[in-house]
Amino acid sequence: MVAPDDHKSKSGMPCVAILSAVLDMEYLAVALREAHPGIDLRLGEELGALDEIEAAVCWFPPHGLLAQMPKLRLVQSLAAGIEHITADVELPRHLPLCRIVDTGMAAGMKAYVCWAVVQQHRGMGAYVASSAARRWEEQPVVSPRRHRVGIAGLGTLGMACAEALAAIGYPVRGWSRSKKEALPAGVEGFHGAAQLDEFLSGCDTLVCLLPLTVETHGFLDAALFAKLPRGAHLINVGRGDHLVEADLQPALDAGQLSAATLDAFSQEPLAPEHPFWGDPRILVTPHIATRTDSLVIARQTLDNLASVREGRRPANQVDLARGY
């Protein structure tokens, strides 16, 4: 067993790298310094000696970089998802890879999903246009009781969204891989492949909050869209790779879908030339449905590093075989 001192930088403090090819991570550096004053922190182009780094907090880290850190002991995602890390074919798979679990994220996700359902169901986009044009125009008013919302994925966030939507009057159904007990009041449960088609047939709006696994990659495709009621609204707040992007606009053109609200994409940021930007039926938001407080990320990272140093399993370590 390697002594703890062998995994500290020359300053004697934990040495943590913050790695991202797509985001400015200075906000997280501030939180880590607050949580552990004096921490040896490496980010941006200032990574220093790679053989001093013992933990890496990542959001789309540059491929191949983690494999160049011989004393790395922990890979920490700054979110619940880990596919942005596992996409690196050189990822050292023997290392503990942990995701963030933040119960506070449920509040943000509930707000976003309820907004996304209501803004489309009630025609709020048309009202924004009418207001800008100074036109008093009503849109058809359909009671929430007549608009069925389905949640695919009944984890912590999915359950919270299902409960919130039921509370404001929508009939809600949820689907998960295995049966869920003790569903919130007003939420009908479905599970397994055998019940998927029945679940989809009653979704005027479908919300995807599934984990991304081998089985759910490409879950939102033409075959699935065909099983929804005609004119359904798709909301993807799961992972970008849940959606087969090439299948979306043909489903909209055919009228099988009426609209899509998308907050996650296979490639982020979404390229300026991407066709989704110019399609008025598709509402794009830049992966902001909910966010984890930076101090939560910092504290979970440092706690997990302490666990690894002491020979204990860190919290929320991912089972790479299952993908979550």
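**From a loop to the sheet**

Tutor: Ala 80 is in contact with Arg 99, Ile 100 and Arg 239, leaving aside neighbours within four places in sequence; contact means heavy atoms within 4.5 Å. Ala 80 sits in the loop between E4 and helix H2 (83–86). Helices (H or I, at least four residues) and strands (E, at least two) are DSSP runs, numbered from the N terminus. With a relative accessible area of 26%, Ala 80 is partly exposed; buried means under 20%, exposed over 50% and partly exposed in between, with a 1.4 Å probe and protein chains only. Its C-alpha atom is separated by 9.0 Å from that of Pro 211, 131 residues apart along the chain.

The model is predicted: local features need pLDDT of at least 70, side-chain atom pairs count only at pLDDT 80 or more, and totals for chains, interfaces and linings use all residues. Residues are numbered from 1 along each chain as its sequence is written, and side-chain values use heavy atoms, without hydrogens and water.

Take E1. Six of its six residues are buried, so the rest of the structure largely encloses E1. Cys 15, Ala 17 and Leu 19 point one way, Val 16, Ile 18 and Ser 20 the other. In a regular strand, side chains alternate between the two faces of the sheet. On one side, E1 and E2 pair in parallel over four bridges. There, Ala 17 has Arg 42 of E2 as its bridge partner. The chain goes from E1 through H1 to E2 in a right-handed β-α-β crossover: with the strands pointing away from the viewer, the path from the first strand over the helix to the second runs clockwise. E1 also runs parallel to E3, joined by five bridges. Ala 17 stands opposite Ala 56 in E3.

Next, E3 (residues 55–59) pairs with E4 (residues 74–77) in the parallel sense, over four bridges. Ala 55 has Leu 74 of E4 as its bridge partner.

Ser 307 belongs to H9. Ser 307 is buried, at 8% relative accessibility. Beyond neighbours within four places in sequence, Ser 307 contacts Arg 312, Arg 313 and Pro 314.

Last, the cores. A nonpolar core is a set of buried Ala, Val, Leu, Ile, Met, Phe, Trp, Tyr and Cys residues joined through side-chain atoms within 4.5 Å. The largest has 29 residues, of which Leu 206, Phe 225 and Leu 248 touch the most other members. Another core, of 24 residues, lies apart from it and includes Ala 31, Ala 79, Leu 295 and Leu 305.

Technical notes. Pairing = 2+ DSSP bridges.
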